[in-house]
Amino acid sequence: IQNKKLSARDRLGVIRDMFALSEAGVIPTTDALEFLSAYKREDNYTVWLEIAIGLTKIEQLLAGKNENLHKFVLELFSPIFKKLGWSKTMNESHADTLLRSLVISRLGRSGDKKIILEAKKKLKENKINPDIRGAVYAVVATNGGMKEYENFIKKYKTETLHEEKNRIGNSLGDFSDPKILNLACEFAFSEHVRTQDTVGILSSVGANPLGRDIWWNYVQKNWKTLVSRYGEGGHTLGRLVKAIAGSA
């Protein structure tokens with residue numbers, strides 16, 4: 001794997017199996033994490049996405065008590081960021097464009113100071129390539145407070161492009177302050193959010209280990225409203241519940 005003697009498909013299969021075995025309790029989770037050191041030179045987006053999903057599931061279990069895991073993520077993802085950088089290159093593949101956004105998000109959420117400072121700078125200057133906009137919002141929110149939250153809400157209310165509203169809405173659940181996460185849930189049910197977009201904001205709170213209990217309280221409190229809007233057993237409610245399963 002380290003020397004890429006295995007194909008990308010096989011490298012993907014191996015790490016997927018490692019995470020599945022650890023999730024099933026067949027091998028220690030530490031074995032899967034130690035095995036990830038072989039992927040430091042990985043350059044395939046699909047493989048990195050699988051790694052990110054596996055790490056997110058572990059973060060969900062740790063529920064915020066993951067300082068050592070953050071250090072591990074920084075060591076693992078830093079080499080690929082040095083290769084990709086912030087800017088898209090000429091004739092770059094679509095996979096590399098997606099990978100850049102994933103890597104920036106993972107590093108920023110794990111506390112990379114340079115990534116955080118650059119993300120805040122780009123947001124302040126409003127000079128963000130659409131390809132990495134979602135990642136920048138996620139990094140700023142993860143490392144932000146009430147000032148950043150209010151800025152996002154203002155942008156959400158004035159934004160006319162629906163795709164951009166979704167990017168902002170998805171970032172509202174990335175904050176670490178419980179007060180802000182409560183506000184995000186309240187905002188999800190406000191007149192400023194379309195009915196079909198409420199679940200997206202709520203799901204972003206549920207996907208945050210620090211927001212899981214807050215998410216649960218709002219789902220319980222508003223269950224009748226949610227069922228009347230989306231119906232029982234539908235795709236939309238399924239998406240809401242799936243939020244706490246862990247994703248990249």
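Modeller: Let us begin with Phe152, which touches Leu123, Tyr137, Val140, Ala141, Ile168, Ser171, Leu172 and Phe175, leaving out residues up to four places away in sequence. Contact here means heavy atoms within 4.5 Å. Please note that this is a predicted model, in which local features need pLDDT of at least 70 and side-chain atom pairs count only at pLDDT 80 or more, while totals for chains, interfaces and linings use all residues. Residues are numbered from 1 along each chain as its sequence is written, and side-chain values use heavy atoms, with hydrogens and water left out.

Colleague: Which residues touch the most other members of the largest nonpolar core?

Modeller: In soluble globular proteins, nonpolar side chains tend to be buried together. A nonpolar core is a set of buried Ala, Val, Leu, Ile, Met, Phe, Trp, Tyr and Cys residues joined through side-chain atoms within 4.5 Å. Buried means under 20% relative accessible area, exposed over 50%, and partly exposed in between, with a 1.4 Å probe and protein chains only. The largest core here has 69 residues, and Leu36, Ile51, Leu55, Phe77 and Phe152 touch the most other members.

Colleague: How many salt bridges does a search of the whole structure find?

Modeller: A salt bridge is a side-chain nitrogen of Lys or Arg within 4 Å of a carboxyl oxygen of Asp or Glu. The search finds 13 of them. In one, Arg106 pairs with Glu59, with the closest N and O atoms 2.8 Å apart. Arg106 belongs to helix α5 (residues 94–109) and Glu59 to helix α3 (residues 45–62), so the pair ties together parts that are 47 residues apart in sequence. Helices are DSSP runs (H or I, at least four residues), numbered from the N terminus. Both Arg106 and Glu59 are buried.

Colleague: Against which helices do the buried residues of α9 pack?

Modeller: The buried residues of α9 are Glu164, Lys165, Arg167, Ile168, Gly169 and Ser171. They pack against α7, α8 (146–158) and α11 (195–206).

Colleague: At roughly what angle do the axes of α5 and α7 cross?

Modeller: Two packed helices are described by the angle between their axes and the distance between the axes. Axes are lines fitted to C-alpha atoms, for helices over the stretch in contact, and angles run from 0 to 180 degrees between N-to-C directions. The axes of α5 and α7 come within 9 Å and cross at roughly 5°. That makes α5 roughly parallel to α7; angles under 35 degrees count as roughly parallel, over 145 as roughly antiparallel, 65 to 115 as roughly perpendicular and the rest as oblique. Among the residues that meet are Thr97, Arg100 and Ile104 in α5 and Asp131, Ile132 and Ala135 in α7. Thr97 counts as buried, at 5% relative accessibility.

Colleague: How do the axes of α11 and α12 cross?

Modeller: The axes of α11 and helix α12 (residues 212–221) come within 7 Å and cross at roughly 140°. That makes α11 oblique to α12. Here Leu202, Val205 and Gly206 in α11 meet Arg212, Ile214, Trp215 and Tyr218 in α12.

Colleague: Which value does phi of Asn91 take?

Modeller: Phi of Asn91 is near 60°, a positive value in a residue other than glycine. Asn91 lies in the loop between α4 (67–84) and α5, and at 77% relative accessibility Asn91 counts as exposed. Lys4 also has a positive phi, of about 60°, although Lys4 is not a glycine. Lys4 is found in the segment before α1 (8–23) and, at 30% relative accessibility, counts as partly exposed.

Technical notes:
Helices (H or I, at least four residues) and strands (E, at least two) are DSSP runs, numbered from the N terminus.
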